[in-house]
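Here are some notes for a colleague who works from coordinates. Please read them beside the sequence and the model.

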Amino acid sequence: MSSCQSPGTPLPSPSCHSRDNSRFLRDYAATQINAFLWISLIAVTLLLLRKLFKLFALWAKGSRISGLPCPSFYGHSKLISETNLTGLLSESHNKYGSVVKLWLGPTQLLVSIKDPVLIKEMLLKAEDKLPLTGRAFQLAFGPSSLFSSSFDKVQKRRELLAAELNGYLLQRANVISTKVVDHVMEKLHAIMGKGTLDCKIVSQHMAFSIMGATLFGDAFLAWSKASVYEELLMMIAKDACFWASYGVTPFWKQGFWRYQRLCMKLKSLTQDGIEQCRQNYKLFSHMDKNSNSEISNPETKNAPEAPFSSGILMPDSLSSQECNGHVNAREEPCGNIMRVMFHGCLTTAGLIGNILARLATHPEIQDKIYSEIIMSRKGAQKQKQQNVDKMLVLLATVYESARLMPAGPLLQRCSLKHDLNLKTGLTIPAGAILVVPVQLVQMDDSCWGNDARQFNPYRFLSKAVKGPELANISSLAGTVEDLVDPDQDSCILDDPNHNAAFLPFGSGTRACVGQKFVILGVAALFASLLEHYEIRLQPGSEDDPKPMLNDSVLQLLPSPKIVFMKRNSRE
């Protein structure tokens, strides 16, 4: 019996009941809080144990992969900072074999693969990309489903974009190139009047013009804000990886906010460009429409694909529905265009710059390509049409230039969810950074012959055997003296992708979706250029530049100085 209720006393007062209720509530609250704290403690403990288990599993699986002995708990990070990573991987592969490891830290494992057969297998199985790549794009251009670390999120978009590039845009490549050359040469003549031409600047202008004309339409070449757009894009490209390298978005840095203002200005200019050239906006809006309809209607998954370029613009309402879940639905297509411009300009500029430098130092190749152009003109039905498919030496030059200087020294992949089991029996743990040292693979004597480090486009040409079995061919990957006449009956162009060591555009599920477009587009660009101009080195310019990493992209340094000579000026 309560102390407030004894025999012979009146019933307890309301205040006594209040104290009992208050005590009960306090005890109940304390019990619930203690239960919550215990549950939280158990949950955190289990989470930490799970992470610790995964860390021990990573160490155990990583220990089975050959590689340099770890100098400290922090891995090889100090060694990597003191030397060139590609050089370090080259030494490791020479000593430990085709698959080697490096510890970037106690929780980060890097695995490098050099054997072409294993590379092909890895690129087919490892479908994801490093989160840092997506982070760099998101900081610059906002959220997007076109570029993401997880392959599951981008697969459908990549398929639709590839179909667009290889369909509608591919048909326009020959038309765009002549206008791009005229536009670029007009700018270059003004620069030549002030001094010499830097190969890097020329290639940047060309890449920007061809990508802009492709995505926005021919009106882009006359757009008054194009020069500002190009300058902004290059500034953002230079700093993108730096700001993405922060583990936490550096809001406290003034430089970061300056960078964000540049990105916002670029978005505004992109939207302005879209409005100026609205008809070409269907490339991305129609792709969004198809992606949305396939997701919302599962029955159409196995239906045959319809042609994408219908010429019908997608209504804004459909764009908003497709982009549900994003921060700004209306900026999704705009962000995608900026990403393609960003990627396309950097990689295409590197390829064009290398071709310019190679042609300037190999005039005999220029002469051969010029002969192809003249022969192609004679057989063309339309005077302005470029039959690039018949210019075998030109296409082989594009392949060889891409082989000698890919966009980057390393091709990066990862498997975010599952361990990667190779046919050799080796297991690479989930989350490990998988890299292919592209520079090493594409200059490997065992894959390309004794002249692997030399510029020789004829390695991609083969002499056709006269007779019923044209499949029997003899390789021309020898010296320049092995030249054949560009008559199409005497030689054929080998598909470089048949060689597993040809990786400038990647391979497997994450291969570059615009590979065919870039090759034919750049080839058409040079066909138009070389028809009217001869490329020469400026007297005293470096005639043997080396590929080096600059602003996260491989470039020839020092950049060669070149001049363009009108062909009719020699006659």
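The numbered points below go from the whole chain to single elements and residues.

1. Basis. This is a predicted model, in which local features need pLDDT of at least 70 and side-chain atom pairs count only at pLDDT 80 or more, while totals for chains, interfaces and linings use all residues. Residues are numbered from 1 along each chain as its sequence is written, and side-chain values use heavy atoms, with hydrogens and water left out.

2. Whole chain. The chain holds 17 helices and 14 strands, these being DSSP runs numbered from the N terminus (helices H or I, at least four residues; strands E, at least two). Of its 571 residues, 48% count as buried, where buried means under 20% relative accessible area, exposed over 50%, and partly exposed in between, with a 1.4 Å probe and protein chains only. The accessible surface comes to about 28,900 Å², and carbon and sulfur atoms account for 56% of that; the areas come from the Shrake-Rupley method with a 1.4 Å probe, and for residues only the protein chains shown count as cover. Among contacts (heavy atoms within 4.5 Å) with a separation of 6 or more, 73% are between residues 24 or more positions apart.

3. Nonpolar cores. A nonpolar core is a set of buried Ala, Val, Leu, Ile, Met, Phe, Trp, Tyr and Cys residues joined through side-chain atoms within 4.5 Å. The largest has 119 residues, and those with the most contacts inside it are Met 341, Leu 356, Phe 526, Leu 529, Ile 535 and Phe 564. Helix α12 (residues 332-361) gives the most to this core, with 15 residues. A second, separate core has 11 residues, including Leu 68, Leu 102, Leu 130 and Cys 414. Leaving out residues up to four places away in sequence, Leu 529 touches Val 181, Met 185, Met 206, Leu 356, Ile 535 and Phe 564.

4. The open sheet. Three strands form an open sheet in the order β3-β14-β11, with antiparallel pairing; two strands pair if DSSP finds at least two bridges between them. The edge strands are β3 (197-198) and β11 (533-537), each of which pairs on one side only. Between β11 and β14 (residues 561-566) there are 5 bridges, and Glu 534 stands opposite Met 565 in β14.

5. Strand β2 and its partners. In β2 (residues 108-113), 5 of the 6 residues are buried, so this strand is largely enclosed by the rest of the structure. Strand β1 (residues 99-105) pairs with β2 in the antiparallel sense over 6 bridges, and the two form a hairpin with 2 residues between them; Val 99 stands opposite Ile 113 in β2. β2 also pairs with β7 (residues 433-437), here in the parallel sense over 3 bridges, and Leu 434 in β7 is the bridge partner of Val 111.

6. Helix α8. This helix (residues 226-244) has 19 residues and reaches 27 Å from its first C-alpha to its last, close to the 27 Å expected at 1.5 Å a residue.

7. Is Glu 121 buried or exposed? Glu 121, found in helix α4 (residues 116-125), is buried, with a relative accessible area of 9%. Pro 71, in the loop between α1 (14-62) and α2 (77-82), is exposed, with a relative accessible area of 60%.

Note on methods: The expected span of a helix is 1.5 Å times one less than its number of residues.
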